[in-house]
Amino acid sequence: MGVDQDGVLLPRLRPVHVARRAVTFGLLGVVPLMVVTLSIDGHSDREEFLAVFSAVGFFGAFFLVVGAGFWWASAGDVRRLRDWGTVTTQGAALTLAGPLFLRSGLFLLVLGAAAFGLYHLVDAAPYDSWLHG
């Protein structure tokens with residue numbers, strides 16, 4: 001990777017690359033969610049945990065919209081967090097916030113959607129199944 005005259009790493013970030021990494025990490029985060037869900041005793045407690053955790057998806061949607069707005073406001077000058085030292089003005093901090101919010105939003109959106117799906121699986125599980133708890 002090279003650097004430009006400001007010391008920013010090249011090539012610059014692309015939304016597709018940020019989204020792909022965030023979704024991958026979100027899918028990897030589903031594994032601990034499943035482990036925690038299956039370790040909760042009691043059917044109603046398990047359903048309540050998944051219902052509350054699925055609200056994380058709303059935060060993810062909010063972060064996604066804010067991140068897209070910051071990305072648009074930075075007008076192509078999107079930087080990585082490791083380029084923090086190249087920020088010279090307060091307005092240039094937006095160039096770091098776009099990818100951060102976008103990645104966090106997609107990660108939380110995937111986890112919230114997984115919790116929502118698991119909630120419906122646990123809710124529909126027969127009484128004597130291992131998923132019912």
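# Exercises on a helical model

Threonine 37 has its place in helix α1; helices here are DSSP runs of H or I with at least four residues, numbered from the N terminus. Before we start, please note that this is a predicted model, in which local features need pLDDT of at least 70 and side-chain atom pairs count only at pLDDT 80 or more, while totals for chains, interfaces and linings use all residues. Residues are numbered from 1 along each chain as its sequence is written, and side-chain values use heavy atoms, with hydrogens and water left out.

## Exercise 1: threonine 37

Task: Find out whether threonine 37 is buried or exposed, and which residues it touches.

Solution. 
- Step 1. Recall the cut-offs: buried means under 20% relative accessible area, exposed over 50%, and partly exposed in between, with a 1.4 Å probe and protein chains only.
- Step 2. Threonine 37 has a relative accessible area of 2%, so this residue is buried.
- Step 3. Not counting residues up to four places away in sequence, threonine 37 touches Arg46, Phe49 and Leu50; contact means heavy atoms within 4.5 Å.

## Exercise 2: α1 beside α2

Task: Work out how α1 and α2 are oriented to each other, and which residues meet.

Solution. 
- Step 1. The axes of α1 and helix α2, residues 43-53, come within 9 Å and cross at roughly 150°. Axes are lines fitted to C-alpha atoms, for helices over the stretch in contact, and angles run from 0 to 180 degrees between N-to-C directions.
- Step 2. Angles under 35 degrees count as roughly parallel, over 145 as roughly antiparallel, 65 to 115 as roughly perpendicular and the rest as oblique. The two helices, α1 and α2, are therefore roughly antiparallel to each other.
- Step 3. From α1, Leu33, Val36, Thr37 and Leu38 meet Arg46, Phe49, Leu50 and Phe53 of α2.
- Step 4. Sorted by class, this contact of α1 with α2 has six nonpolar, one polar and one charged residues. Here Ala, Val, Leu, Ile, Met, Phe, Trp, Tyr, Cys and Pro count as nonpolar, Asp, Glu, Lys and Arg as charged, and the others, Gly among them, as polar.

## Exercise 3: bringing in α4

Task: Describe how α4 packs against α1 and against α2.

Solution. 
- Step 1. Take α1 with α4: their axes come within 8 Å and cross at roughly 35°, and the crossing is right-handed.
- Step 2. Among the residues making this contact are Val30, Leu33 and Met34 of α1, and Leu111, Ala114 and Leu118 of α4. By class, the contact of α1 with α4 divides into 18 nonpolar, two polar and two charged residues.
- Step 3. Now take α2 with α4: they pack at an angle of about 155°, with their axes 8 Å apart. That makes α2 roughly antiparallel to α4.
- Step 4. The crossing of α2 and α4 is left-handed. The residues in contact include Arg46, Leu50 and Ala51 of α2, with Leu111, Ala115 and Val122 of α4.
- Step 5. The contact of α2 with α4 has eight nonpolar, two polar and three charged residues.

## Exercise 4: the largest nonpolar core

Task: Which residues form the largest nonpolar core, and which helix gives the most to it?

Solution. 
- Step 1. A nonpolar core is a set of buried Ala, Val, Leu, Ile, Met, Phe, Trp, Tyr and Cys residues joined through side-chain atoms within 4.5 Å.
- Step 2. The largest one has ten residues: Val30, Leu33, Leu50, Leu111, Ala114, Ala115, Leu118, Val122, Ala125 and Leu131.
- Step 3. Both α1 (15-39) and α4 (94-124) supply at least two residues each, and α4 gives the most, with five residues.
- Step 4. Apart from this core lies another, of five residues, among them Val18, Trp71, Val78 and Leu102.

## Exercise 5: valine 78 and threonine 95

Task: Where does valine 78 lie, and what does it touch?

Solution. 
- Step 1. Valine 78 lies in the loop between α3 and α4.
- Step 2. With a relative accessible area of 3%, valine 78 is buried.
- Step 3. Leaving out residues up to four places away in sequence, valine 78 touches Arg12, Leu13, Trp71, Thr95 and Pro99.

Terms used
A crossing is left-handed if the near helix is turned anticlockwise from the far one by less than a right angle, and right-handed if clockwise.
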